[in-house]
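Welcome! Take a moment to look over the sequence and the structure, and then walk through some questions with me.

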Amino acid sequence: MAFKFLTWLVRLARGAAEVCAPVAHCCVCGAPLTEAEMSVCRLCLDRLPATSFETWPQNPVMTRMEGRAKLLSAFSCFYFHKGETLRRLIHQFKYKDDRNVARDLGREMGRRAAHTGFTDSYDALIPVPLHRRRLSERGYNQSHVLALGIADVTGLPVMTDVLIRSRATPTQTHLSADQRYLNVHGVFALGKGAKRAAGLRLLLVDDVFTTGATCEACLEKLAEIEGASLGLATLGYAST
Ligand SMILES: [Zn+2]
């Protein structure tokens, strides 16, 4: 009897605690999240289509950037076109104001990259910048939040004043590879932090690698920093 009463009391206390501090749920499967998870649960992260590019030095990103940028290494974390979930999650953090999704996915990038020592070759993370008009519309730069997620795991600093976007560009979604290149060519510039980046190994962070045009334009600018070496990390990989 006393045991039953105690069980009832524990349930009541748990219920009250949940009302006071509601448990967050995974935005994919609805399972309760642990304290370490912000929006996506461990199981759903494990189900995303991983590329394992971080273990593969001559991976497709490296091959496709050949002759376009001199890179120490490059990796994309997940295949963009395999399965709906990643696309849905990216849509959620790009257009539905859910930065926690980007933070969780950034941490997953960090975990996978750190596990193989990929991130050991770098001194700082550089997010692909957003034009300030787009930034004020969205409220945050998704590449910056991904970089913060990588930083949570690796401890690498995120430098946001090294590279700036000096001109706004129309969305690239429906453009061909050549059009994309022209669309972003010359829109990036070095910021006031570029001097501090001299001699550092910089890892550029972007959301999805599609034609690589945006990354190429950013890397072209970063290559102007004295003594800097460069790498590339993106969340998604899309074959064109
Ligand atoms: Zn889940």
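Here are some questions and answers on this structure.

This is a predicted model, in which local features need pLDDT of at least 70, side-chain atom pairs count only at pLDDT 80 or more, and totals for chains, interfaces and linings use all residues. Residues are numbered from 1 along each chain as its sequence is written, and side-chain values use heavy atoms, with hydrogens and water left out.

Q: How many helices and strands does the chain have?
A: Helices (H or I, at least four residues) and strands (E, at least two) are taken as DSSP runs and numbered from the N terminus. Counted that way, the chain comes to 9 helices and 6 strands.

Q: What percentage of the residues count as buried?
A: Buried means under 20% relative accessible area, exposed means over 50%, and partly exposed is in between (1.4 Å probe, protein chains only). Of the 240 residues of the chain, the buried part is 45%.

Q: Which residues coordinate the zinc ion?
A: Donors are N, O and S atoms within 2.8 Å of the metal (3.2 Å for Na, K and Ca); water is not among the atoms, so sites may look incomplete. Here the donor atoms are SG atoms at 2.3 Å. In sequence the donor residues follow the spacing C-x2-C-x11-C-x2-C. They are Cys-26, Cys-29, Cys-41 and Cys-44.

Q: What is the arrangement of the donor atoms around the zinc ion?
A: Four donors count as tetrahedral if all angles lie between 85 and 135 degrees; four count as square planar and six as octahedral if opposite donors are over 155 degrees apart and all others between 65 and 115, and anything else is irregular. The 4 donor atoms around the zinc ion subtend angles of 107 to 114°, so the arrangement is tetrahedral.

Q: How many residues apart in sequence are the parts that Cys-26 and Cys-41 tie together?
A: Cys-26 counts as buried because its relative accessibility is 5%, and Cys-41 counts as buried at 6%. Both lie in the loop between α1 (2–20) and α2 (42–47), so the pair ties together parts whose separation in sequence is 15 residues.

Q: Which residues are linked with Glu-108 in a network of salt bridges?
A: Side chains of opposite charge can pair when their charged atoms come close. In this network, Glu-108 is linked with Arg-42, Asp-46, Arg-111 and Arg-112.

Q: How far apart are the closest N and O atoms in the salt bridge of Arg-201 with Asp-123?
A: Arg-201 counts as partly exposed at 30% relative accessibility, and Asp-123 is partly exposed at 25%. The closest N and O atoms of this salt bridge are separated by 2.9 Å.

Q: Which residue has its C-alpha atom 8.7 Å from that of Leu-72?
A: Leu-72 is found in the loop between α3 (60–65) and β1 (74–79). Contact means heavy atoms within 4.5 Å. Leaving aside neighbours within four places in sequence, Leu-72 is in contact with residues including Met-62, Tyr-122 and Leu-230. The residue asked for is 129 residues apart from Leu-72 along the chain: Arg-201.

Q: At what angle do helix α8 and helix α9 pack?
A: Axes are lines fitted to C-alpha atoms, for helices over the stretch in contact, and angles run from 0 to 180 degrees between N-to-C directions. Arg-180, Tyr-181 and Val-184 in α8 meet residues of α9, among them Ala-213 and Glu-220. With their axes 8 Å apart, helix α8 (residues 177–184) and helix α9 (residues 213–222) pack at about 35°.

Q: What is the phi of Ser-52?
A: Most residues other than glycine have a negative phi, and most peptide bonds are trans. Ser-52 lies in the loop between α2 and α3. Although Ser-52 is not a glycine, its phi is positive, at about 60°.

Terms used. Salt bridge = Lys/Arg side-chain N within 4 Å of Asp/Glu carboxyl O.
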